[in-house]
Amino acid sequence: MSVLEPTLEPNPLREGLEQERVPDPSALVIFGASGDLTQRKLVPGLYSLAHEGLLPSGQTIIGFSRADHTDDSFRMAMREACDKHARTKPVDDAIWDNFAKGLFYVAGEFDDANAYDRLKAKCEEADRARGTGGRRIYYLAVPPDFFALICEFLGKLGMANDPEGDGPYTRAIIEKPFGHDLQTARELNRVAVSTFRERQVFRIDHYLGKETVQNLLVLRFGNGIFEPFWNRQYVDHVQFTVAESIGVEGRGNYFETSGITRDIIQNHMLQLVSLVAMEPPVEFEANAVRDEKVKVLRALREFSMNDIDSYAVRGQYGEGSALGKTAAAYRQEKNVAPESNVETFAALKVFIDNWRWAGVPFYLRTGKRLPKRVTDISIHFRPAPYALFSRMEGVRTHPNILAIRIQPDEGISLKFDSKVPGPAVRTAPVTMEFRYATSFGAEPPEAYERLLLDTMLGDSTLFARRDEVETAWEWLDPLLKKWEADPASPELYPAGTWGPEGADALLERDDRRWRRP
Amino acid sequence: MNEAEVSVDYASIEKSLAELWRSENQSNEHAITRAALWNVVAHTGTQKDQAYASEVLSAAAAVVPQRTIVIRSDPAEPEEIAAWISANCHLVGGEKQVCSEEITIVAGGEAVHRVSPLVSALLIPDMPVAFWWLGDLPSDESYVDFLLSPADRLIVDSSHFGSVSDLVLLSKVARNTGTAPADLNWVRLEEWRAAAAMMFDPISARAWLQTIRRVRIVGTATTRTFGDMAESILFAAWLSAQVGHTVTADGGVQSASGPIEYALTTEARQRDFGSLCHVEIEFADGKTATIDRDDDRHVLVAALDGKEHTLDCVTRMRSQDVQNLIVRQLKRPEADRVFLRTIAIAAKLAKRLAA
């Protein structure tokens with residue numbers, strides 16, 4: 001019998017189990033296995049999947065990097081990583097022992113042909129000994145500069161095949177950044193699809209693996225009551241906040257070439273915008289969902305370069321305090337140029353020019369060294385058409401707000417006015433709240449766990465498609481180029497505040513205010 | 001935390017609950033959030049079971065917020081009906097208290113017939129209703145029907161069943177009512193089913209399922225009561241249901257390639273992790289698949305003697321405390337279709353296997 005196996009009917013004994021979706025075993029090769037991502041997220045995430053019974057027996061993980069490891073020393077290093085970072089702690093020895101049997105390591109440079117030969121041999125050994133059946137997943141946890149090299153070797157050695165029909169699959173997972181601008185993004189995609197087909201490429205944006213982000217689709221399309229109000233007739237404006245309380249935390253080198261706009265807005269925030277603004281997909285299937293998301297990105301109104309300050313504000317944190325401690329200015333951070341003009345805060349006013357959202361502003365803000373870590377979306381509804389109670393003395397009505405908290409304390413709340421008990425007509429805002437922790441108790445799985453499992457199952461719904469990435473860059477590129485060409489410094493804001501004054505002015509000009517998340 | 005019970009007039013329980021929440025909000029240093037995803041009604045017949053149900057559901061409410069109604073109903077007791085209320089509060093994240101309420105109703109004599117309408121009035125609207133029946137099912141089906149009329153789910157523990165007739169009654173409930181039966185014993189089997197499934201995840205192993213010849217299931221028991229055998233019977237029925245065996249009315253099992261022999265035996269061993277301790281499946285070519293419980297490591301170890309490779313499969317044993325089993329049942333939003341399929345077969349198999 002060949003070690004390369006076709007796909008058969010699902011395992012009937014899996015039906016109805018909590019672990020009903022278990023993929024066929026594969027060899028998952030992690031390029032960059034000695035890196036931070038592997039130790040903090042990937043292997044701990046895979047272990048947690050094994051702990052939950054969601055990995056198939058025979059699942060094999062092969063680390064590949066320059067570091068000098070044997071299989072055993074790699075296992076020891078990964079055990080330490082799991083002890084520190086696994087969601088399901090303490091690490092269960094029995095589960096670990098079994099999981100560790102599937103951990104292997106190949107040491108080598110990314111340009112060493114012999115190392116790829118050893119990798120190929122290791123994968124084939126897994127097919128024979130562990131039943132991985134020729135199925136391969138390559139996780140490129142490496143800087144984008146190495147993508148082309150790795151893809152070229154995999155292609156040359158016939159390790160990137162994508163046979164039609166039921167043959168064993170080969171998939172590649174790519175980490176952000178998906179380019180530095182439109183041109184580099186296109187080049188990266190060209191490199192990826194010169195070796196793999198688009199359907200084999202899984203571009204990870206870990207925000208899409210978060211339960212609350214996935215719940216956006218359920219909230220909108222699984223309930224009958226929200227969608228009728230989800231349009232320009234009822235929505236006044238929408239706010240998105242992705243705030244971090246920390247600074248660049250030793251990532252100065254990276255941040256100096258990136259800035260917050262590339263780091264957060266180009267990927268995470270535009271994913272959130274497209275999920276909030278998209279039309280219902282015809283089915284809950286990867287391409288159907290992504291088709292609708294791309295349509296939103298295509299409908300984003302181009303920035304007017306003559307009037308850019310009316311639509312975009314950039315800022316950079318100065319000295320201040322964060323979470324009760326003194327915080328240094330961005331320019332004082334390690335590996336940051338003393339005259340750096342890189343933005344650590346950005347706020348945008350965005351329009352989606354389509355039938356549903358014409359004229360409704362979407363306000364986006366993100367920054368480092370803000371008062372707290374929070375990701376929040378709020379839908380602000382128009383006031384009642386006739387202000388019946390506002391004519392009464394002492395009565396003030398408030399807009400209805402549907403707030404979706406992505407992290408932390410995940411949940412959804414709806415704010416509305418209620419009559420204050422008593423003989424007089426007085427109103428006060430109240431909220432109806434749903435909190436994941438209150439209703440479901442259990443800690444949600446890490447985003448990487450879900451995304452790794454989906455890759456093994458071949459479900460690309462929660463991954464960015466090539467046209468999504470390129471369309472997002474196409475829209476954002478002119479703004480970034482304008483800012484880069486502008487000699488003026490970003491507006492300073494003290495660390496620990498909600499950003500520069502210009503961000504407040506962006507909304508005040510429209511007679512609106514940022515919601516305090 | 002289960003706060004002190006307050007005796008209330010059974011005719012105005014909702015009003016008393018409203019007063020309870022008002023006073024809780026005023027006196028508590030933490031913000032209080034009331035939450036409920038389920039109405040859970042526990043039916044008990046003794047004071048001991050009543051206390052047990054209250055303790056179990058109070059712990060379960062910390063994970064799945066619920067309005068808990070504990071009934072103690074005994075027609076042999078003097079005629080009376082009385083009610084108590086209390087709040088179940090749990091800190092979430094060290095600051096917010098999530099609370100749900102517990103109502104206890106005690107009825108004796110003819111008053112037991114007033115319990116069902118009272119419970120109906122106390123159910124939170126739009127939330128599903130789970131009815132947890134403690135102990136052996138009653139022989140009076142009409143009483144069960146009456147109590148179950150608003151229930152979406154009937155939770156039992158077949159390890160307490162006295163005879164095969166209880167399994168038949170459960171099967172009837174599934175067939176004839178809108179109430180979906182659920183069995184805590186079935187939840188105990190989840191890891192065993194997962195361990196068995198894991199062996200057949202490799203595609204090369206899947207075809208073996210069609211060549212099963214003999215299945216030996218060893219349970220732990222000091223007696224051979226029906227309840228002690230129930231877990232083994234359910235496992236056997238599940239395997240046959242999922243593989244597609246035909247089970248005749250007298251409990252005979254046939255596959256497309258011949259009869260399947262089931263052997264259920266018991267051995268004395270501690271039962272911290274349910275009843276099963278060993279499963280052995282023999283295939284037409286003489287090879288075997290085994291699942292063993294490793295009590296020291298709290299795992300199940302499965303091994304399949306394959307043609308090309310042998311893989312050990314390890315499945316973590318989860319806590320078998322009753323409150324965890326209840327929580328796992330309540331976390332399933334819908335009826336378990338595989339269980340419904342299994343009990344129909346289990347009722348037939350039981351006649352032969354438990355003999």
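**A first look at a predicted two-chain complex**

1. Strands here are DSSP runs of E of at least two residues, and helices are runs of H or I of at least four, both numbered from the N terminus.

2. Before going on, a word on the ground rules. This is a predicted model, in which local features need pLDDT of at least 70 and side-chain atom pairs count only at pLDDT 80 or more, while totals for chains, interfaces and linings use all residues. Residues are numbered from 1 along each chain as its sequence is written, chains are lettered from A and ligands numbered from 1 in the order in which they are written, and side-chain values use heavy atoms, leaving out hydrogens and water.

3. Strand 13 of chain B pairs with strand 12 (residues 253-255) in the antiparallel sense over two bridges; pairing asks for at least two bridges found by DSSP. The open sheet has three strands in the order 11-12-13, with antiparallel pairing. Strand 11 (246-247) and strand 13 (258-259) are its edges, each pairing on one side only.

4. On confidence, chain B has a mean pLDDT of 83, and 84% of its residues reach 70 or more; pLDDT is the predictor's confidence in each residue, from 0 to 100. Please read residues 306-311 of chain B with care: their pLDDT is below 50, although this stretch has 19 contacts in the model beyond near neighbours in sequence. Contact means heavy atoms within 4.5 Å. For the complex, the predictor gives an ipTM of 0.87 and a pTM of 0.83.

5. Now to where the chains meet. In chain B, 42 residues are in contact with 43 residues of chain A. The area buried between the two chains is about 3500 Å², with carbon and sulfur atoms giving 52%; this is the accessible area (1.4 Å probe) that two parts lose on being put together, summed over both.

6. Five salt bridges are counted between chain B and chain A, a salt bridge being a side-chain nitrogen of Lys or Arg within 4 Å of a carboxyl oxygen of Asp or Glu. One of the salt bridges in the model joins Arg14(A) to Asp201(B), with the closest N and O atoms 2.5 Å apart. On the side of chain B that touches chain A, elements supplying at least two residues each include helix 7 (190-199), helix 9 (226-243) and helix 11 (337-353).

7. Within chain A, Glu227(A) forms a salt bridge with Arg356(A), the closest N and O atoms being 2.7 Å apart. Glu227(A) sits in the loop between helix 7 (211-221) and strand 7 (235-243), and Arg356(A) in the loop between strand 11 (345-351) and strand 12, so the pair ties together parts 129 residues apart in sequence. Over all chains, the salt-bridge count comes to 47.

8. Finally, some backbone details in chain A. Lys89(A) and Pro90(A) are joined by a cis peptide bond, with omega about -5 degrees; Pro90(A) is in the loop between helix 2 (71-85) and helix 3 (93-100). A cis peptide bond also joins Gln407(A) and Pro408(A), with omega about -15 degrees. Arg369(A), a residue other than glycine, has a positive phi near 60 degrees, and lies in the loop between strand 12 (361-367) and strand 13 (374-381) of chain A.
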